[in-house]
Protein chains: 2
Amino acid sequence: MTTKKIVVIGGSAAGAKAAAKARRLDEFAEITIVQKAPDLSMASCGYPYYVGGTFNDRSQLLCTPAGVVRDPVFFQKAKKITALVETEVVAIKRAEKQVVCRNLKTGEEQTLAYDKLVIAAGARANMPPIPGIKLAGVTTLLSMADTDYLRKVCDDKQVKQAVVIGGGLIGVEACEALQGSGIQVTVVEAVDQVLTFLDWDLAKLVENHIKAKGAKVLTGIGVKEFVGENGKLTGVKLADGTVLDCGVAVMAIGVRPNSDLAKEAGLTIGKFGGITVNQYMQTSDPDIYAAGDCVEIPNRITGDPAFAPMGDLANLEGRVVGENIICGASVTFPGTIHTGICKVFDYAAGSTGLSEKAAQRIGLSGYTTVVNASPDKPGFMGAKILISKLLVDKDQRVLGYQCVGLGDVSRQIATAAMAIQGKLTLEDVVNADLPYAPPFSPAIDHFITAAHVMQNKLKGRMTGMSVQEVRSKLDAGEKPFFLDGRNPNEFEEMHLGIGEHLIPLGALRSRLSDLPADKNAEIICFCKISLRGYEAECILRAHGFTNVKVMEGGIMAWPYPRKK
Amino acid sequence: MTTKKIVVIGGSAAGAKAAAKARRLDEFAEITIVQKAPDLSMASCGYPYYVGGTFNDRSQLLCTPAGVVRDPVFFQKAKKITALVETEVVAIKRAEKQVVCRNLKTGEEQTLAYDKLVIAAGARANMPPIPGIKLAGVTTLLSMADTDYLRKVCDDKQVKQAVVIGGGLIGVEACEALQGSGIQVTVVEAVDQVLTFLDWDLAKLVENHIKAKGAKVLTGIGVKEFVGENGKLTGVKLADGTVLDCGVAVMAIGVRPNSDLAKEAGLTIGKFGGITVNQYMQTSDPDIYAAGDCVEIPNRITGDPAFAPMGDLANLEGRVVGENIICGASVTFPGTIHTGICKVFDYAAGSTGLSEKAAQRIGLSGYTTVVNASPDKPGFMGAKILISKLLVDKDQRVLGYQCVGLGDVSRQIATAAMAIQGKLTLEDVVNADLPYAPPFSPAIDHFITAAHVMQNKLKGRMTGMSVQEVRSKLDAGEKPFFLDGRNPNEFEEMHLGIGEHLIPLGALRSRLSDLPADKNAEIICFCKISLRGYEAECILRAHGFTNVKVMEGGIMAWPYPRKK
């Protein structure tokens, strides 16, 4: 048996994983990682947490759980893998099955022969040619160098203001890290919401939370120019001419796949610019595999190609590649359902499957959504309210779920992600057997409650209305009868102030005469979370009111300013 | 349309839920709850947390989230439901469709007619006729009265020692509540482990944790007698004659269904003594439904009847019953997969689906288990180790999952529960798309890691050995070569002391000569979590060693005393 030669381009997540897996399956293969950066196996998703001081030992970003830095010596000793760092691959010669690489410090070139090549070249920041983008102080948060720079900014306490351009995952995480370090942050997002994996209504709640933590958020506005003096950033000029003074600006408007090498080598590239791979993570050249942020993978729900640059998928893909380069194309990677989660100060925001926006984008018809607000635990255990949005298709199959709030969002999204991957229907979810004990969930889990509300809606027992629809009615000058079913003390503490009538649920049956005389008048019921709102609807319908609706999620899902 | 008469026996979880759901579906039905206890809708799973002082406002156990106590006035006003408390049903007259009830304070009897009857009578403690069991100081933890009593015991600080009889969910929760209040607790469990929903190996880790928190745990021993003076408990005498001094003893050896009334009325009773219901939660009398702790429901995996007295199932069943009594038997309840979770001080322990013990009990053949220890988060985010056990059947379908540890067990069990309910196979789980960000999980989620280890095992790449098998070998005087693949500093901090040889993984390839000369000698590899143990196995196999194994879960799964 001849020794297999494996070359892996990229040594962060997917590349390092593919190499390590290959080693376990073949002790005698010659495995070489070629890594442009000085570091290997960086925990890049952890960068914002080091910047923000969640931990202070930088080496933890590079360590094994046992505390050993994963440097070339470690790779050699523990994995018998040669790792060439600060070395760039400059060409792939497919005909010769060679890669040409150049040492970035010495400029020296060398040629490596391969039997199987893995491209795990990652992604790079979108950096449009905005004037001033080269000023010192404009950075991304994608490398150890970026991380070191921003950590120093936080530690030095000289910079008082920062602007984060882009309100996606990294933008929001950068915002939290900098704002938490005492820097006044403004997030500037070109579209009309942060975290575009969420629908607008839930994203707006996240935005409100970011603002409540002291950061500023501007949506629907772009950046025109980076302003500076002596080569150093002093401000960010927005499209409307406003200048936001700042010493640092973090560009976080997304990433694009590093697929240039692959393209130059004639490999097939997909519609997002990522390398096209088959189910074995094999490129259009059967001896070349690819994984991680440089590839496109299937969206498991739509079947369409997707670009999903996530650390967990990179690792899983790397593992598949590691096996296939040793054992032959045999194990498969199914793709993504776009599951993601993001810490936002003490809030969390997550999504899995299709958002309503995504459903509209692909032209899905006959779907239904519902917004549910309910606690993550019993009140006596310190319940936190979660707000979620569930989407089912016309066959009542669960296709999407988003959840935001102070509570245990992680469990919610994990539960929903498995429901989607198991192709479960609403009927399966309404009576799901989930782990219940008061420290961990309410007797009826929040996800199951969302399914119950959806079922009430689909069975015609609840007519839901979104907060946006309510807002539109108000903006159009319509005057539906708003019924707030809470108690006076709750009202005193907090209320919308949209002309609502406070009729506590317990008094409703005896106060039907306080309702519109016209039984066809539009009545919109709600309460804090709209459970009592729903009960009010049931009562009113039974008493002949024909046009009763429930504002989904109640006051907790209301993203607009409240009177109190 | 004539007004439907609904009578509900029991007003805690299932009964209250059935009544409330029925009301929402029929505003004009006459609904009466007959409740033996003075309270309604008690959050009984929360009792231990009030006893232990997690919260101090007793009324929170009885309140709506808006802070209104769910008393008969609340039920009347908010739900238009008549709730007769401190009232016992003494007979069900099926032929007349009536129940006879007696006011426990006045002794007055009344007869209620029903069109549909719901039995949600709950369960009661197993109280074997142990001498002295009537002594003051012997209690259960199943009612508000029990709760008030135990809370007073904690507040008064007179009782210094307590014995909890039974190491199940309630026993462990009672132990935590009392021990946390400064009382020295001893848990006495007749079988050889606590928390019998877990397999022995994981339960032993929980037991060790309880002991580390200062409580004592005695397993494999029963109680012979409650010893007292002047009618008051002073100690618990064990089967071996030992007397444990104590001022309080909590009986927590399980519950049995309150099905006497149903039995007397001639309804079919199942093998666990619970009321038999069909998929509509309908008893053998089509006008009588039953739900909650008094019924038997199907085990969804085996199809056999199961007794699963859990608060979440009671609520879900109640909801199904509420709909069926109004709309006719139409919605179904699928049963349970025995999902459960328990807080154990700062540990948590959960299970879903079949444990290995349960698999053996039903005679399942061809299944495989694996124990996985790995972190719940990246190290830099304060990782906690979780130890889990995964069970797949011969078709590699996920049938069971248990998890214990300091970390986020709740998400783990919820994820696995949905995987089981979605009938997912190992192949589905190894590349599952779960929510990843460093505050919530490692890049490869713990559950997915367990699936990876299982796959390595099933593909013959890892030969696992359980800690029990290792212990048996040691006890039998066998001398396999134990290879601990960690670094010297880790060894210094903690090691088993079973004659292991410390060969750091990074040095293994150059130290093959330190291994047994006989390539067929048994070598058992491990490390802290046995990832390096597995890598060691791969290396040794490649170098011709034929009898290499990995101790699953490594040192973290070792439940026996360690040398250090």
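This is a predicted model: local features need pLDDT of at least 70, side-chain atom pairs count only at pLDDT 80 or more; totals for chains, interfaces and linings use all residues.
In chain A, strands E13, E14 and E15 form an open sheet in the order E13-E14-E15, and their pairing is antiparallel. Strand E13 (223–229) and strand E15 (243–245) of chain A lie at the edges, each pairing on one side only. From one strand to the next, the twist averages 30°. Six bridges connect E13(A) with strand E14 (residues 232–238) of chain A, and these two strands are antiparallel. Within this part of the sheet, A:Val227 is opposite A:Gly235 of E14(A).

In chain B, strand E11 (residues 184–189) pairs with two strands that are described here in turn. Strand E10 (residues 161–165) of chain B runs parallel to E11(B), and five bridges link the pair. B:Val163 is found opposite B:Thr186, a residue of E11(B). Together with helix H5 (residues 169–179) of chain B, E10(B) and E11(B) make up a β-α-β unit that is right-handed.

Strand E12 (residues 216–219) of chain B is also parallel to E11(B), to which four bridges join it. Here B:Val187 is positioned opposite B:Val217 of E12(B). The chain passes from E11(B) to E12(B) by way of helix H6 (residues 200–212) of chain B, and this β-α-β crossover is right-handed.

Of the six residues in E11(B), five are buried, so the strand is largely enclosed by the rest of the structure. A residue is counted as buried if 20 or more other C-beta atoms lie within 10 Å of its own.

Note on methods. Residues are numbered from 1 along each chain as its sequence is written. Chains are lettered from A and ligands numbered from 1 in the order in which they are written. Two strands pair if DSSP finds at least two bridges between them. Axes are lines fitted to C-alpha atoms, for helices over the stretch in contact, and angles run from 0 to 180 degrees between N-to-C directions. A residue is buried if 20 or more other C-beta atoms lie within 10 Å of its own, exposed if 12 or fewer, and partly exposed in between; C-beta atoms are placed from the backbone. A crossover is right-handed if, with the strands pointing away from the viewer, the path from the first strand over the helix to the second runs clockwise.
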